[in-house]
Amino acid sequence: MAALLALAAGPLVAPAASPDGAIDQLLEQYRAAGAGDFSAARGAAAWRQRVTPADGGEPRHCGTCHGDDLRAPGRHLRTGKSIEPLAPSANPARLGELRQIEKWLLRNCKWTWGRECTAQEKGDFLQFLRTQ
């Protein structure tokens, strides 16, 4: 009888990756790498910090491409490509995979700031993004 009920219920669907789970894992890794307490306020300030690129182009910041409202799509400055909303509240799958988060933090820090972000900076960014 239980087997019939299970078949009638249909296939099980795996839940979507949780942004909180992936973020929590990364924060633990960053702490292990020597970062201190993480701050959404520091993350927000760093997010808005304007940096002049090494090539002398126009100053930019994270919001240059991602926009001021992280619940809305952004647009890449150079390519014009649409960028999915970054806020977990608008796009829960966006920050659900460790590899993707690390890949984009590396790429975006290098493009925006001209260097890799520290473990502290990445943790502060993630704390900020959680509030969006």
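Visitor: Where does Val-51 lie?
Guide: In the loop between α3 and α4 (62-66); helices (H or I, at least four residues) and strands (E, at least two) are DSSP runs, numbered from the N terminus. This is a predicted model, where local features need pLDDT of at least 70, side-chain atom pairs count only at pLDDT 80 or more, and totals for chains, interfaces and linings use all residues. Residues are numbered from 1 along each chain as its sequence is written, and side-chain values use heavy atoms, leaving out hydrogens and water.

Visitor: Does Val-51 count as buried or exposed, and why?
Guide: Buried, because its relative accessibility is 15%. The cut-offs are under 20% relative accessible area for buried and over 50% for exposed, with partly exposed in between (1.4 Å probe, protein chains only).

Visitor: What does Val-51 touch?
Guide: Not counting residues up to four places away in sequence, Val-51 touches Glu-58, Pro-59, Arg-60, Thr-112 and Trp-113. Contact means heavy atoms within 4.5 Å.

Visitor: New topic: which residues touch the most other members of the largest nonpolar core?
Guide: Tyr-30, Trp-47, Ile-101, Phe-125, Leu-126 and Leu-129, out of 25 residues. Such a core is a set of buried Ala, Val, Leu, Ile, Met, Phe, Trp, Tyr and Cys residues joined through side-chain atoms within 4.5 Å.

Visitor: And which element gives the largest share?
Guide: α2, with five residues.

Visitor: What about Leu-126, what does it touch?
Guide: Leaving out residues up to four places away in sequence, Leu-126 touches Ile-23, Leu-26, Leu-27, Tyr-30 and Ile-101.
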